[in-house]
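Here is a short report for a first look at this structure. It moves from one chain as a whole to its parts, then to the other chain.

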Amino acid sequence: MPSSPVRVALVGCGAVAELSYAPALRVLSAEGLLEVAALVEPNPESSRRLEATFPDARVHRDTTALSEGTVDLAIVASPPRFHAEQTIQLLREGVSVLCEKPMAATSLEAEAMIAASAAAKRVLAIGLVRRFLPAAQTVRALLAQGVLGDIQDFHFTEGGRFRWPTRSADYFRPGAANGGVLADIGTHLLDLIVWWLGEPMDVRYEDDAMGGVELNCRVELRFPEGFTGTVRLSRDCDLPSRCFIRGTRGWLLWSIHAPEHLTLHFEGTACVVSGRLHELPAGPSQPGAGRRVANFEQSFVEQLRNVVASVRGDARPFVGGQEALAAVRLVESCYRHRTLMPMGWLNEVEAARAGKLSREGSAR
Amino acid sequence: MRIAILGASGFIGSRLVEMFHLEGIAEVRPIARRVSSLAGPSRFQLDCRIADGFDRDSLASAFADCEIVVHAVAGAPDVILGTIAPVYEAAEKAGVRRLIYLSSASVHGQNPVSGTTESSGLSLRHAIPYNNAKVRAERRLRRLRARGTVELVVLRPGIVFGPRSSWVSSFADALIEGKAHLVDRGRGICNSLYVDNLIEAIRGAMSAPGADGEAFLLGDREQITWADLYRPIAEALGFDLNTIPDAISVAPDPMARRLLKRARRSPLARRLSSVLPKKARRALKSATSSLEDPKVELSAWTWPPPPRSIATLEMELLGSCRYKLPFDKATRLLGYEPPVSFDLACRRMVAWLGFAGYPVRDPSR
């Protein structure tokens, strides 16, 4: 593997590339770990701003120009319906891939991506950045150590008016989009659930898609250990963005948009512990708090750092294709079992038509 | 009939899209300012368009082949006023037959005098800039209509509530956060209008022959108070409205507060302060103290008191209202009869609260 900077191609120059990947790439580029060698974007209008950010990168309109000879790593940040096709093609060309979430539209596609990675002996990592958040890692460790006792139930909610500055209406077009709020932010939460609590044995799912893509959805999950949990997501209602998990010995609450904070309650106490996470102090000093843990943006950089190290052969991808597969399967299972959410404000005529449109949408 | 809905992602626009599409009343074309605002209407398979309300050409292209345009764009005074001419002119360019403009009953003020009707004179001296902007918007539209070809119907709804309404969600949020308050125990008349009743009026306005150039006040059939509106929300969330305190003072709008602060720091004020006798200074301070942020004396030995409830000027005026606005003109010319009773409207409102994730005690209500 190269000792010189890893040559990176950014495939897709939309909002996520501009707002998240570009700043992270600049940080690691300044450290000499990588160089942005290529930008791939079919729409010249969309790539213009990133061309200014990375003036040395070659600009291509499709991925066919990318190969082992030109780049080491491709970040696939194109619309999700292109993820599988582009990832497999790049892996076959000997290029490692960091594929933005959702990994693929179907589990079949995801499995083909994993197989392509194994056959090409190239890295396949998936952009599930929340696993890199210090609070998410702490929750996993606490649960693994049984700090909360036996899990009783959990309730995850996340939502608000949709404000992601997407430029294409394809984002909401059935057929072009893989789905709505579930496929989007739901992928993150379902991935965390599997990572923290294991795979559920039973899924119930409802949403409000009536011929289009869902704005709201609700998932009920049942686990082999006997506990249940719900996930409520919205691009519409201001839901508290948080993960609440209750066990026999206490509960924990993580506000998703405060990745450096955690709130805990232990049975038998009359207080909650709510505070900022810090790293362990450096060196064998007195007990205490080290520096503040990484924030969201720094965690995004850490994700990319891990992938670059994996491409160099110095690490394993923290979220490889196989690790991300369970969330793809879970999203798929939700859509397979979809029913219409009750919307008690609709009159009888509307409710009947809504049910019909929902069923027709499911059949497509 | 094809109808363009401008402001389709807002509270009224989104319900209008939903209801017209699901009831098959018209072929709906939602129009929003940015792509992200299409998330709502995209629950349905519809011909959604992007157009800026200030841009006549993009609007004209979005209105193409539409017979009716509903202008349901909400916003600050600059948005209210800045979108009027572009929308009307674009409708004309696109060959639209009728423009339905959602104005507001607040053109008559939040506390209208008894006897107010559509023919009452409109003032530009309201204390709330929104009211003045709506008055100016109506006047601009009338001037455009006088020399244009697109028919115009102006609707003046009262307090529009329903699913996704901020009247509902903000009171629910305030209850949960312990910040809810009433004005005058909620005894003031709330000129309520359930959103489905507004849509019924829009439906009438689409084709009513004698409506061109007219303005219509709209309301629910029942005369209700603010307590009547808030009680179902409180009960659904497990609160007793009787325990919710009254606001203790009027908070002037933030602009007035900022101006006062600036005036106090000015060199002139400082000079006056050193010249005026102590008594005069104290009197002046007392006269302007209601414009200041309330301050609480804190000490390490005491617990902070619960937050003080302060009504905005708008809520103070609304809460003092003693007059139910009439809608008989809408009945006469638009055939408007509110199809949803206030009781049913409240049940639907509570159903939405449950849907929206509020901890509703019995979401099946």
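## Chain A as a whole

Buried residues account for 46% of the 364 residues in chain A. The model is a predicted one. Chain A holds 9 helices and 15 strands. Its C-alpha trace spans about 65 × 55 × 35 Å along the principal axes. How does the radius of gyration of chain A sit with that of a compact globule? A compact globule of 364 residues would have a radius of gyration near 21 Å, and chain A agrees because its own value is 21 Å.

Where they meet, 23 residues of domain 1 of chain A are in contact with 22 residues of domain 2 of chain A. Which helices supply at least two residues each to the domain 1 side? They are α4 (107–120), α7 (296–312) and α8 (321–336) of chain A. The largest share of that side comes from α7(A), with 3 residues. By type, the domain 1 side that touches domain 2 of chain A has 13 nonpolar, 6 polar and 4 charged residues.

## A helix in chain A

Helix α5 of chain A runs over residues 134–144. Its residues A:P134, A:A135, A:A136 and A:V139 are buried. What covers them? The cover for the buried residues of α5(A) includes the helix α6 (181–197) and the strands β12 (250–255) and β13 (261–266), also of chain A. After α5(A) comes A:G146, which has a positive phi, near 70°.

## The sheet in chain B

Now to chain B. It has an open sheet of 7 strands with parallel pairing, in the order β3-β2-β1-β4-β5-β6-β10. Which strands are at the edges? They are β3 (49–50) and β10 (214–218) of chain B, and each pairs on one side only.

Within the sheet, β4 (residues 68–71) and β5 (residues 98–102) of chain B pair in the parallel sense over 4 bridges. In this pairing B:V69 has B:L99 of β5(B) as its bridge partner.

Strand β2 of chain B covers residues 27–32 and contains B:A32. Is B:A32 buried or exposed? B:A32 is buried, because 28 other C-beta atoms lie within 10 Å, and 20 or more is the cut-off for a buried residue. Leaving out residues up to four places away in sequence, B:A32 touches B:A8, B:S9, B:S37, B:L38 and B:I50. From B:A32 to B:L99 the separation is 67 residues in sequence and 17 Å in space, C-alpha to C-alpha.

## Where the chains meet

The last stop is the contact between the two chains. Here 21 residues of chain B are in contact with 33 residues of chain A. On the chain B side, α1 (11–23) and α14 (342–355) each supply at least two residues. Helix α14(B) gives the most, with 4 residues. The chain B side that touches chain A divides into 12 nonpolar, 6 polar and 3 charged residues.

Key: Residues are numbered from 1 along each chain as its sequence is written. Chains are lettered from A and ligands numbered from 1 in the order in which they are written. This is a predicted model: local features need pLDDT of at least 70, side-chain atom pairs count only at pLDDT 80 or more; totals for chains, interfaces and linings use all residues. Two residues are in contact if their C-beta atoms, placed from the backbone, lie within 7 Å. Ala, Val, Leu, Ile, Met, Phe, Trp, Tyr, Cys and Pro count as nonpolar, Asp, Glu, Lys and Arg as charged, and the others, Gly among them, as polar. The radius of gyration is taken over C-alpha atoms; the globule rule is 2.2 Å times the number of residues to the power 0.38. A residue is buried if 20 or more other C-beta atoms lie within 10 Å of its own, exposed if 12 or fewer, and partly exposed in between; C-beta atoms are placed from the backbone. Two strands pair if DSSP finds at least two bridges between them.
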